Amino acid sequence: MAWPLDSSKPRLSRQIPGLVSAMKDLLFLAHRLPFPPNKGDKIRSWHLLRYLSDRFRVHLGAFIDDDDDWQYTGYVNTLCASSRILPLRTVYVKLRCLCGLLSGEPLSVRVYRSRSMRDWVAQVIREYRIQNVLVFSSAMAQFVPASIEGLKVMDFVDVDADKWRQYASGKNWPFSWIYERESRYLLRYDRAIAEQFDRCFFVSEAEAGLFKNLAPESRDKVDYFGNGVDTEYFSPDRKYPNPYGQGGPVLVFTGAMDYWPNVDAVVFFARRVFPLVQAEIPNARFYIVGSRPATAVQALQKTAGVVVTGRVKDIRPFLQHAALPVAPLRIARGVQNKVLEAMAMDKPVLATPLAIGGIPQSNAADILVAEDPRDLAGQAVQSLNRGDRNNDRANREFVLRNHNWSRNLQKLDDILRA
């Protein structure tokens with residue numbers, strides 16, 4: 001997707017001379033460059049950066065694991081007082097993972113081991129006398145010195161240890177052993193980090209509740225703030241050309257297609273659900289829209305009615321002209337942005353219980369929920385045969401009411417300012 005680098009309004013603090021110098025300094029560490037907002041974690045970290053840069057002098061430390069993202073570093077730096085952006089090289093990642101197996105550390109923490117990042121953090125803290133630290137993803141907590149004075153806030157986002165447990169249950173040995181190991185070691189690490197930090201946030205009440213049960217010693221520090229949606233960007237009022245051309249109704253899945261939970265979801269849907277839909281609606285089509293499709297995803301193109309697009313410039317036309325966005329996730333944690341974005345475009349959504357588990361009060365919206373392949377297919381056929389929906393904009397109104405970034409981030413802002 002091509003991201004318009006001038007789409008945001010200039011930051012207020014950069015328009016008023018002297019205001020920047022009056023702002024407090026804040027260290028923000030993220031495991032990926034917080035731009036472009038083209039996957040779940042980067043959507044959240046991007047809105048954090050944009051929100052905080054109006055309120056603090058932000059010093060950003062982050063890694064890049066996709067060479068295509070280097071083009072955006074200049075834009076990101078316009079929101080920061082200083083930054084340290086480092087590459088995450090595949091060959092070093094593999095070596096660090098091997099070292100992690102030998103040293104008894106979580107692999108997802110060892111991957112980000114960097115003397116250069118550690119030295120930069122120490123320098124920035126010393127030079128700017130930083131009192132506020134916000135860490136996005138617990139793997140980045142390793143760079144925060146224990147001796148720092150001030151407020152340390154951790155945004156875990158999801159309970160990743162439980163995600164690795166889910167991975168383990170769906171894989172054969174040796175991967176099942178590696179993922180189960182990662183689940184145990186990462187939970188131990190995250191519990192230690194939670195004790196060291198002053199406040200810990202998650203993406204939903206459900207995620208926060210799960211971590212409280214897993215780490216009862218830190219339960220008084222744990223809270224949550226939900227994700228939002230850029231509802232001006234994802235608006236059903238704009239009109240886009242139909243990317244599907246002539247043909248039958250389209251079910252669409254959007255997301256990064258090298259991410260295993262997404263791969264598992266589309267393979268499951270294409271093989272076990274979509275044929276049941278086609279039996280009732282022969283001209284139905286299933287589009288898989290997202291970058292870097294894995295080999296298993298590319299192989300689905302041999303299935304009648306299935307189309308794999310790869311990276312697209314803009315997902316909004318694919319959402320607007322789809323009859324039914326689907327989120328048949330069988331491995332999931334937290335809030336699924338793909339669901340919220342489709343809802344913001346006022347589309348009905350077909351989802352598994354796991355895919356909507358982090359969306360509170362979602363029973364008030366137009367979401368079809370099922371888990372069994374036959375039930376999912378039945379819901380899909382019913383929706384496709386339903387024709388035009390009532391124009392009450394229930395899904396968009398739900399997002400506007402519950403997923404406003406400024407309102408959701410106010411809780412974090414109050415803590416940092418205090």
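Modeller: Let us begin with a term for accessibility: a residue is buried under 20% relative accessible area, exposed over 50%, and partly exposed in between, with a 1.4 Å probe and protein chains only. This is a predicted model, in which local features need pLDDT of at least 70 and side-chain atom pairs count only at pLDDT 80 or more, while totals for chains, interfaces and linings use all residues. Residues are numbered from 1 along each chain as its sequence is written, and side-chain values use heavy atoms, with hydrogens and water left out.

Biologist: Is D162 buried or exposed?

Modeller: D162 is buried, its relative accessible area being 12%. R165, at 45% relative accessibility, is partly exposed.

Biologist: How many salt bridges does the structure hold?

Modeller: Side chains of opposite charge can pair when their charged atoms come close. A salt bridge is counted where a side-chain nitrogen of Lys or Arg lies within 4 Å of a carboxyl oxygen of Asp or Glu. The structure holds 22 of these salt bridges. D162 and R165 form one, with the closest N and O atoms 2.7 Å apart. The two residues are three apart in helix α7 (residues 160-169), so about one helical turn separates them. Helices (H or I, at least four residues) and strands (E, at least two) are DSSP runs numbered from the N terminus.

Biologist: Which residue forms a salt bridge with D258?

Modeller: The partner of D258 is R292, and their closest N and O atoms are 3.6 Å apart. D258 lies in the loop between β8 (250-254) and α10 (260-280), and R292 in the loop between β9 (285-289) and α11 (295-298), so the pair ties together parts that are 34 residues apart in sequence. D258 is partly exposed at 38%, and R292 is partly exposed at 40%. A network of salt bridges links D66, D258, R292 and R311. In another salt bridge, R110 and E105 have their closest N and O atoms 2.5 Å apart, and both residues are buried.

Biologist: What is the order of the strands in the open sheet?

Modeller: Strands of a sheet pair through backbone hydrogen bonds, either parallel or antiparallel. Two strands count as paired if DSSP finds at least two bridges between them. The open sheet has seven strands in the order β3-β2-β1-β4-β5-β6-β7, with parallel pairing. At its edges are β3 (82-87) and β7 (222-224), each pairing on one side only. For example, β1 (residues 24-30) and β4 (residues 132-136) pair over five bridges, and L27 has V133 as its bridge partner in β4.

Biologist: How many aromatic pairs are there?

Modeller: A pair of aromatic rings is described by the distance of the centres and the angle of the planes. Rings of Phe, Tyr and Trp (its six-membered ring) pair if their centres lie within 6.5 Å; planes under 30 degrees apart count as stacked, over 60 as edge-to-face and the rest as tilted. The count by this rule is 21 aromatic pairs. Among them is the tilted pair of W164 and Y179, at 5.4 Å centre to centre and 35° between the planes. W164 lies in helix α7 and Y179 in helix α8, so this pair ties together parts that are 15 residues apart in sequence. W164 is buried at 18% relative accessible area, and Y179 is buried at 18%. One aromatic cluster is formed by W164, Y167, F175, Y179 and W260.
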